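I opened this notebook to record what I looked up in the model, one topic at a time.

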Amino acid sequence: MMKKHWLCACLVLGCGGRASHWDAPFTPTDPVGLDNAVAVLDPTLDRALLLTSPGPLGLEEHSLPIGQNLVSASASPDGKRLYVLSRGISPRRNPSDERPRLTVIESDPTPRVARTYEFNDPLSGLVLDPENEWAVLYVTSSDSRPVSNPNEILLVNLADLERDPIAMTVQSISGSPQNFSFTSKLSVPNGDPRRLLAIETQNEVTLVDLSDSIGDEERATRQVTIPMPENQQGATGAPAEVAFHDADGTLDSELAVRLDNDTNVLLLPLAAPPAGSDRPFYIEPNLVDVGGEPSTIHFVNTDAGTRLVALVGTNAALVDPATSNVLNVALSKPFTGITLVTSDLGSDTSTDIALLWSNTTPTVGLWDLGAATTTATHGLDTLAVGASIRQVLDVPGDTFTTSKILQGVSGDFYVLDLAARRSSPMLTNGHTFQLTFAPDGRSQRLWAFTPGTEAFASIDLADLNPNELNTERPIWSVFDIAQSNGGVGRTAIVLHQGDSDFGATLFDALAPDTANTRFYSGLAYGGLNHD
Amino acid sequence: MDGSSEAPTSGLTDGSGGSFQGSGATGNGSPAAGGSSGSGGTTNLSPSGSGGTSEPPPPPPPEKELETAYETPVATDRYVWTANPTTGKVALISADDFSVRLAEAGNAPTTVAALPGHDEDAAIVLNAGSDDATVLRLGADGVIKSQMLQTHAGANAVDVSPSGKWAVIWSNADLEDASKLDPTDGLQDVTVAKLDDDPVTTTILTVGYRPSAVSFDDQEAHAFFVTAPGMTVIDLGDAPHPDRDVLLTDDPVSDQAARDVSVTPDGAYAVVRLDGQKTLGFVDLGTGTRDTVTLPDYVTDLDLSADGKQAFAVTGGALVVVPVPPGDADPSTFARASADGEVGRSVTLSPDTSLALLYSNATADQYLGILTGGGAWSTYEARAVDLKAPVQAAFAAPDGRHGITFQTPATGSTKEGAFSIVSAQLDRAPKIIGTDAPPTALAFASDGAQAVITTRDLGKARYGMYLVELGSLEQTFIQLSSPPLSAGIVGNYGFVAQAHPEGRITFVSLTDASQRTLTGFELAAKVTQ
């Protein structure tokens, strides 16, 4: 085989020609940032180009093979891995036709393919566990097979790349997976604490036990499927969100499901199984009406104990899971989102502090749940900001834990200091900026850019002063990565996309200066550098 | 069934405490009659208007017909039983740990009745879709045993004898849509189930046209069906059979709609009141002999003592105690009691007849007569209290120490309804509570210490329940998220069943008012686990 390959290669080269795909246009997908690399996926040549920075303004390019017919590429939540899902050749007509594939690429110390999983069916959905332990491959609507099992999934144990994927069919009466949530480790009445995978279908939630203590066959057969209840209008409910909390000494561990177009939330306590059962828990569902359609739900620790908070209009409904009693707390503003910031603020109390925000009103609230049920203000402090908020971003790293980035619906963004109760606006003159951080937060900088323009900004989170920067070419994307080879420096890689190529302008991420850059071109072809 | 704007009118009792899905007195009031009242004493009756030459006064306007029962859950010692017609299941909800068990019934189970008298929780369920019934018994081992019983077609009511030996399954015209009933729909089939038999045996019998009520005698040897033309007596015996039909009035054809019939517990007599008449009829059910007592004014309400020895008639705004049978007694010697300031048309008695609550709902009347007596009522104490809002119904606690009234909004009130807590203790003021929705159902704890009241306004989506501490006249409001259907007591909890597609019930502790709401009785059964 090897000889034939070389022979073919020699024939091609000898004829003075080149493979046709070298003439194909360069049509990469959006680049993906890792902790110490940037990945540009080139589906035309079935390769991932990983850019690393070995030193100040230095750039290395690594070409790694990926599967044919790229579907998606995602970075692991910790930025250490790149997961590339490809469809392969479909339908396969020859034994040599490539199967669907998940390629795992690790970037440290140098980029390499750590594992390739092959499977039979071209699954096109990929969900990654926030705790980097599992991945789920599933069927999406883009799957064009004549006959497919929409409930087919593959569970990949990311903690042990040597293990084979676990194939299973999601237990469902009439639905197919629409959303996946991983719980943290939850105590159960009968067995060791374990994580659960909650799979939302159109009208059900199915739980898959992720415990190491059960075999894969048992994992597949012991799914728990909870049909959604009917709402007051008699329509079968659809799950919209899953929340969970661990047992707290008084309450069992519990999941809660927010339902679409329903004023009820479904509580799913992990109760003790019937006597004699070897099951780890038994689901005893209960519905609770929270007085309106909630925009989101979250379990919190309040001065009255663990409660499920449901944001409903200008109220927060605090649901006691033990009794289903609901305490309505008036919040004065219609908050639509909640983010727990207890640990960010270094609170050592047993109660939570939550950041409330809204996509309909320019106000955020800091909610001390330790006073939620006992004081006139319910522990809520509000702060006017300049816009309604679309998204709240954490600042990575340990230095600015009390800072949150508020992305406004208008394109502006705000740096909120939770400790000082202060919001600093970053006006964008109507442009919609994309924001990015160093995954490890070590550069202590926030990068803001608008694709297609030459200007971007670096905001030092210590003083919140924006540093305007420019490149000579339109920006494709910006990344702040650690230098490889153990260097302590950091490099900002600004990518530029051309018609058939891409390039990069490199900055010192710790001291970005337009006067101190290095430009690299021809990266689709191996690269040329220009000081 | 929508009863959001209607106050209760008829009483239902569950296994532990009293529950009222509407109840109350119906009938006609009489014109205002003075009559002496106040504390103590016996008052001889004299015909009103004596010596006058004018036309006799017309009968008073009718008291309001108030709503009767819903398809509601019932409670046994430890469990609330509620049927789901859609799934064919009956949920048993434990008041010990709020766990839910499910039992299979037949097609479209609706009406549930508790079966007393056994060392187990048991109930009988009518299956509207399959013309049968299911007897469910929860054994000490936790196993639910069921037996299907064939019934006649169209059954919608079940009454169980006090010991639990018999169940009579019948078809109540009042629970049917009158506009859909053909005149030939006599609803005359009844099914008698002998629950002592193992397996339970049933007998289908025929009674008079359109039965409206059923009762048993103390020995449970007979069942008495009040029917349109009169009464059908069923001999239960070893082989239940119709024993005889008895006429209750001289004119059974024209008197049907206006009759109010009570049967004494020993089954010896039926006491009959007719709207717009001043007479009480006493029918010897053994011989069919009818006797009549004429009272001085229109008889607007009638109740019997628990032992059936006394009939309490409301006439001329006062309470008159008539012995049963009256024999040759002179009506002028009957004990009479009234309260200055209240012209009662209806009466509610405590089980021991020591407390009588006199009121009228035919016209807006915000006064309540509270009368305490007992025995022959030769002496009594009375007072009328101003409850500020018109009284719709009154309920006496099982211990006779307190009462509760349901009221409509007072003129100028911003409230949608009201209820009041009254004490039999004459020197205690009533507690009046305005409500954001009309009160709809009530249940007393068996010892009369607490009560649970529901309020419901479907139009404004205001639903709630009150836990009432009768001793202190204090109340705790609990907001509900679904329309309450009924209230009851089980164990140490009050409960309120609510309208919800998946079934919803809220329990409230009678001791500390803590609550627990369960929704989706069958959700756990649908979980694949």
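Entry 1: How do strand 37 and strand 38 of chain B pair, and over how many bridges? I note first that the model is a predicted one. I found that strand 37, residues 462-469, and strand 38, residues 474-480, run antiparallel to each other in chain B and are joined over seven bridges. I then looked for the partner of one residue: B:M465 is bridged to B:I478 in strand 38 of chain B. Four residues lie between the two strands of this hairpin. Among the hairpin residues I noted B:L473, which takes a positive phi near 60°.

**Entry 2: chain A as a whole.** I turned to the make-up of chain A and counted two helices and 42 strands. For the overall dimensions, I recorded that the C-alpha trace of chain A spans about 80 × 55 × 40 Å along its principal axes. Of the contacts in chain A with a separation of 6 or more, 43% are between residues 24 or more positions apart.

**Entry 3: an open sheet in chain A.** I next followed one sheet of chain A, an open one of four strands in the order 22-23-24-25, with antiparallel pairing. Strand 22 (296-302) and strand 25 (326-330) of chain A are at the edges; each has a single partner strand, so one side of each is left without a neighbour in the sheet. The twist from one strand to the next averages 30°. Within the sheet I examined strand 23 (residues 305-312) and strand 24 (residues 315-319) of chain A, whose antiparallel pairing extends over five bridges. One of the residues I traced was A:L311, and its bridge partner in strand 24 of chain A is A:A316.

**Entry 4: the contact of chains A and B.** Which chain gives 22 residues to the contact, and which gives 17? I found 22 from chain A and 17 from chain B. On the side of chain A that touches chain B, the elements giving two or more residues are strand 16 (224-227), strand 20 (282-283) and strand 21 (286-289) of chain A.

Definitions and conventions. Residues are numbered from 1 along each chain as its sequence is written. Chains are lettered from A and ligands numbered from 1 in the order in which they are written. This is a predicted model: local features need pLDDT of at least 70, side-chain atom pairs count only at pLDDT 80 or more; totals for chains, interfaces and linings use all residues. Two strands pair if DSSP finds at least two bridges between them. Axes are lines fitted to C-alpha atoms, for helices over the stretch in contact, and angles run from 0 to 180 degrees between N-to-C directions. Two residues are in contact if their C-beta atoms, placed from the backbone, lie within 7 Å.
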